[in-house]
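Visitor: Could you take me slowly through this structure, as I am new to reading such models?
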Amino acid sequence: MTSAFDLTLPELTTRTSAKWRVYPPDVLPLWVAEMDVRPVPAVVEAVSRAVAAGDTGYPGGTEYAEAYAAFAAERWGWALDPARLRRVPDVLTGIAELIGLLTSPGGAVVLSPPVYPPFFSVVEHTGRRVVRAPLGGDLRLDLDALAGAFELAGPGSVYLLCHPHNPTGRLHTPAELAAVGELARRAGVRVVSDEIHAALVLDGSFTPATTVIPDAFALHSASKTFNLAGLPSALLVPGPDATGDLARMSPFAGHGSSHLGGIAQAAALRDGGPWLDELLDSLRANVVLLDELLTRLLPAVSWTAPQATYLAWLDLRRVVPDGVEPARHLLDHARVAVNPGPTFGAEGAGFVRLNLATSPAILTEAVERIAAAVP
């Protein structure tokens, strides 16, 4: 099987994005969520055509929302009315706007760490406080912890859900979502679900939170699925019982949306299906490869293969000396850059997040370097 990750290291190092510029050239960058893939041909064509035509103004129309609705219907059987979707510049901006809409200054936002680090930053930015409901020992949602956190947070709070979960790659089940929704309803807590990795499910199918929790909100974007972080755009998706809340949202919430981002993402959603299918096959193959490499070269490293995303959450507590931060050790001694576990919350101590969306050759070299750099 050919791999979607067929770019060589010399080709990749010509890129000027953060992944390839933060660290020196001798470092293999397996950290930030950028994939080492060729672009979707339809995106190249659409963006090139827009730039050539001078179509680089302010966003307008419903093309992006319509493309996402068609994509959701095809991939998940999810019927979305494009008219109900609200465009925002990116997922984090949408989250910040919803926190401002649904909570009061100084109010609480519940998080389930280890979780995507900017969640902590966006709560601080909005002047709210974090209430923690850590994942369980199996790295799944801990409903007892959530019940306690919702009680502590109180009515008028928000639960910021990561679905699928970053960094663990866990996919929340319909039963888990229903249980979260019931706990939130009883506590007077609103659910906001970051679903940016929704189309990157490797095992099973995706259930949107808003189809199970009627008054929830979700944020969707094609940026992770089609490697379009530099062409951002996102959609705020209200559940059927949350649509009325949009009337209270400031028009400023959509200010700054990228017209080119919408053009790029609409093109990917409309015409990128075969590209995505090849990508998912290649990600599944890389998960198998990483498991084989760890079993053979680093058997003391614990991990559970992700059900979604292209992220590997690795437990290095048995291979890195006490008192040593694993990501720092791997950077200094293996020249491999990964995300430090503690940035995802204190629960991430001893862990790292590794981006496996790269060529089999680079992934193999990275694990070999790591194996040579630990006792």
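Visitor: Which residues does L283 touch, not counting residues up to four places away in sequence?
Guide: This is a predicted model, and contact here means heavy atoms within 4.5 Å. With residues up to four places away in sequence left out, the residues that L283 touches are F5, L200, L202, Y310, L356 and A357.

Visitor: How far from E34 is the nearest side chain of opposite charge?
Guide: E34 lies in the loop between strand 1 (28-29) and helix 3 (41-52), where its contacts include S17, K19 and Y310. E34 is buried and has no salt bridge, a bond that would need a side-chain nitrogen of Lys or Arg within 4 Å of a carboxyl oxygen of Asp or Glu. The nearest side chain of opposite charge belongs to R15, at a distance of 5.9 Å.

Visitor: Why is one side of strand 9 and of strand 11 left without a neighbour in the sheet?
Guide: The open sheet is formed by three strands in the order 9-12-11, with antiparallel pairing. Strand 9 (311-315) and strand 11 (339-340) stand at the edges, so one side of each has no neighbour in the sheet, because each has a single partner strand.

Visitor: Which residue of strand 12 is the bridge partner of P340?
Guide: Strand 11 pairs with strand 12 (residues 351-355) in the antiparallel sense, over two bridges. In strand 12, the bridge partner of P340 is V352.

Definitions and conventions. Residues are numbered from 1 along each chain as its sequence is written. This is a predicted model: local features need pLDDT of at least 70, side-chain atom pairs count only at pLDDT 80 or more; totals for chains, interfaces and linings use all residues. Side-chain values use heavy atoms; hydrogens and water are left out. Helices (H or I, at least four residues) and strands (E, at least two) are DSSP runs, numbered from the N terminus. Buried means under 20% relative accessible area, exposed over 50%, partly exposed in between (1.4 Å probe, protein chains only). Lys and Arg count as positive and Asp and Glu as negative; His and the chain ends are not counted. Two strands pair if DSSP finds at least two bridges between them.
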